[in-house]
Amino acid sequence: MADLHLPSTLPPLFRDLPRRLEVEAATVDEAIDVLDERWPGLRDRLCEPGAALRPHINVYVDRQRAELGTALVARSRVDVIAAISGG
Amino acid sequence: MPSTLLVVATRKGLFLLESDGDRSDWKLRGPFCEAWPIYHAVHDAASGAIYAAAASEWHGAGVWRSSDLGESWELSSEGLAYSDDGLKLSKISGLTAAHGRVLAGAEAVGIFESRDGAATWSLLSTLDGQPGRDRWNDPANQPPGHLGVPAILPHPDDASRFWAVVQGTGIFETTDEGATWTPRNRGLRADWPIENPEVGYCVHKLVMSPVDHERLYQQNHVGVHRSDDGGRSWTEITDGLPTEFGFAAAAHPHDRDTFYVIPLDPGHGRCMPDGRAAVWRTRDAGSTWQRLDRGLPQSDAHLGVLREGLAIDAHDVPGLYFGTSTGQVFASTDEGESWSEIASYLPGITSVEVASLE
């Protein structure tokens with residue numbers, strides 16, 4: 001199970017979505033699929049059409065910058081970050 | 001007496017201003033929509049729903065909807081995407097609710113429709129084959145902050161007929177639900193070279209007289225223009241205004257010859273000239289103009305108003321409302337003769353729409 005941490009901007013958009021949850025998935029992409037199945041529309045908030053992360057959404061797996069295809073292992077920590085921008 | 005609702009979209013969320021029938025005391029609620037940047041928000045008189053077009057830098061574009069006047073909100077972008085033709089949707093710029101559906105103007109240039117109250121969307125048209133189509137999605141030909149289709153003007157009696165504004169290109173009319181289009185820019189002026197006289201015009205705001213559906217007005221990048229034939233031809237009516245530039249415009253609900261604009265400095269500032277706030281009105285279809293500034297700040301007021309920032313209600317003596325780029329809302333209950341400030345410290349305002357609630 002990966003240990004998934006979500007940005008604070010995401011839970012207000014989906015009923016009962018926590019900031020932190022455990023997900024069974026082999027890749028970042030699969031983890032987002034798992035979330036989207038339970039909270040429909042969530043993939044659109046993190047990914048562009050055509051399966052790429054949105055430009056200001058950064059994902060780290062065990063503190064290394066990751067992409068959708070990055071593999072997850074047991075107890076991977078996944079941080080989804082809304083990149084600092086704006087004012 | 002019905003209450004009045006102002007739907008105020010800002011760069012940091014949506015706000016609602018509500019008043020009782022006399023439109024003198026206003027109560028503010030918000031911010032809604034998680035303070036996402038809102039480009040345009042409308043109230044659908046038929047369903048009572050509020051729709052807000054939003055685009056988050058982080059989480060993409062979508063349309064928020066509330067069926068209970070802001071008590072609860074839902075966001076959807078289901079179907080708001082182009083397929084495989086290389087177009088990318090960056091934002092929904094303009095919303096129109098009419099004839100039981102919601103139309104959304106998008107950047108890149110396209111029009112989406114929803115027939116289930118903005119829960120799901122489908123692509124209606126990308127205006128393929130129209131003059132300018134080969135260039136208008138090229139970033140090299142776009143202004144900063146390109147809006148694509150910032151506005152769609154519905155025909156009140158004919159659901160299949162509407163006008164779409166393509167930013168920097170002009171107006172296109174469809175009479176068959178977007179299957180085919182015709183440019184409607186004849187008589188407009190451009191201060192820049194244009195290759196095809198049918199297109200290349202910078203239409204900022206297009207409105208229709210509610211009492212004469214052939215009477216259209218527009219505030220353009222270079223001038224104010226009137227059409228008496230549903231947009232098939234245009235006549236410039238700028239003479240008498242302090243500048244030819246502006247964004248916002250409004251048509252009187254009961255008099256086809258009365259029309260309002262807010263002239264702005266055309267330079268980088270794009271504020272009301274000389275720091276003196278004013279709305280301008282014609283009562284004779286553009287032959288003469290009157291400056292309306294009683295109650296508006298007349299010194300050090302460098303206020304800008306964007307294309308959807310002016311609204312007019314349908315009272316016997318109409319009220320007008322405008323929101324500024326610096327977060328003030330001004331209201332008039334006497335057709336613009338006098339004004340008062342009803343909100344002072346909102347985020348920058350992108351649109352103001354007004355609704356009467358029974």
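1. A quick word on terms before anything else: helices (H or I, at least four residues) and strands (E, at least two) are DSSP runs, numbered from the N terminus. Keep in mind that this is a predicted model, in which local features need pLDDT of at least 70, side-chain atom pairs count only at pLDDT 80 or more, and totals for chains, interfaces and linings use all residues. Residues are numbered from 1 along each chain as its sequence is written, while chains are lettered from A and ligands numbered from 1 in the order in which they are written.

2. How confident is the predictor? The mean pLDDT (the predictor's confidence in each residue, from 0 to 100) of chain B is 96, and 100% of its residues reach 70 or more. For the model, ipTM is 0.91 and pTM is 0.96.

3. Chain B is built from strands: there are 28 of them, and 0 helices. Its radius of gyration (taken over C-alpha atoms) is 19 Å, close to the 21 Å that the globule rule gives for 358 residues, so chain B is as compact as a globular protein of that length. That rule is 2.2 Å times the number of residues to the power 0.38. Along the principal axes, the C-alpha atoms of chain B fill a box of roughly 50 × 45 × 40 Å. Buried residues (20 or more other C-beta atoms within 10 Å of their own, with C-beta atoms placed from the backbone; exposed means 12 or fewer, partly exposed in between) make up 53% of chain B.

4. One sheet to look at in chain B is open, has 4 strands in the order S4-S5-S6-S7, and is antiparallel in its pairing (two strands pair if DSSP finds at least two bridges between them). At its edges are S4 (38–43) and S7 (74–76) of chain B, each pairing on one side only. The twist from one strand to the next averages 25°, with axes being lines fitted to C-alpha atoms (for helices over the stretch in contact) and angles running from 0 to 180 degrees between N-to-C directions. Inside this sheet, S5 (residues 50–56) and S6 (residues 60–66) of chain B are joined by 7 antiparallel bridges. B:Ala53 has B:Val63 in S6(B) as its bridge partner.

5. Another open sheet of 4 antiparallel strands in chain B runs S20-S21-S22-S23. Strands S20 (246–251) and S23 (290–292) of chain B each have a single partner strand, so one side of each is left without a neighbour in the sheet. Ignoring direction, neighbouring strands here are turned by 30° against each other on average. S22 (residues 279–282) of chain B pairs with S23(B) over 3 antiparallel bridges, and B:Trp280 stands opposite B:Arg291 in S23(B).

6. B:Thr175 is partly exposed, with 14 other C-beta atoms within 10 Å. Setting aside neighbours within four places in sequence, B:Thr175 is in contact (C-beta atoms, placed from the backbone, within 7 Å) with B:Ser160 and B:Arg161.

7. Chain A has 2 helices as well as 7 strands, following the pattern β-β-α-α-β-β-β-β-β along the sequence. Of the 87 residues in chain A, 24% are buried.

8. Where the chains meet, 10 residues of chain B and 13 residues of chain A take part in the contact. The chain B side has 3 nonpolar, 4 polar and 3 charged residues. Here Ala, Val, Leu, Ile, Met, Phe, Trp, Tyr, Cys and Pro count as nonpolar, Asp, Glu, Lys and Arg as charged, and the others, Gly among them, as polar.

Terms used:
Two residues are in contact if their C-beta atoms, placed from the backbone, lie within 7 Å.
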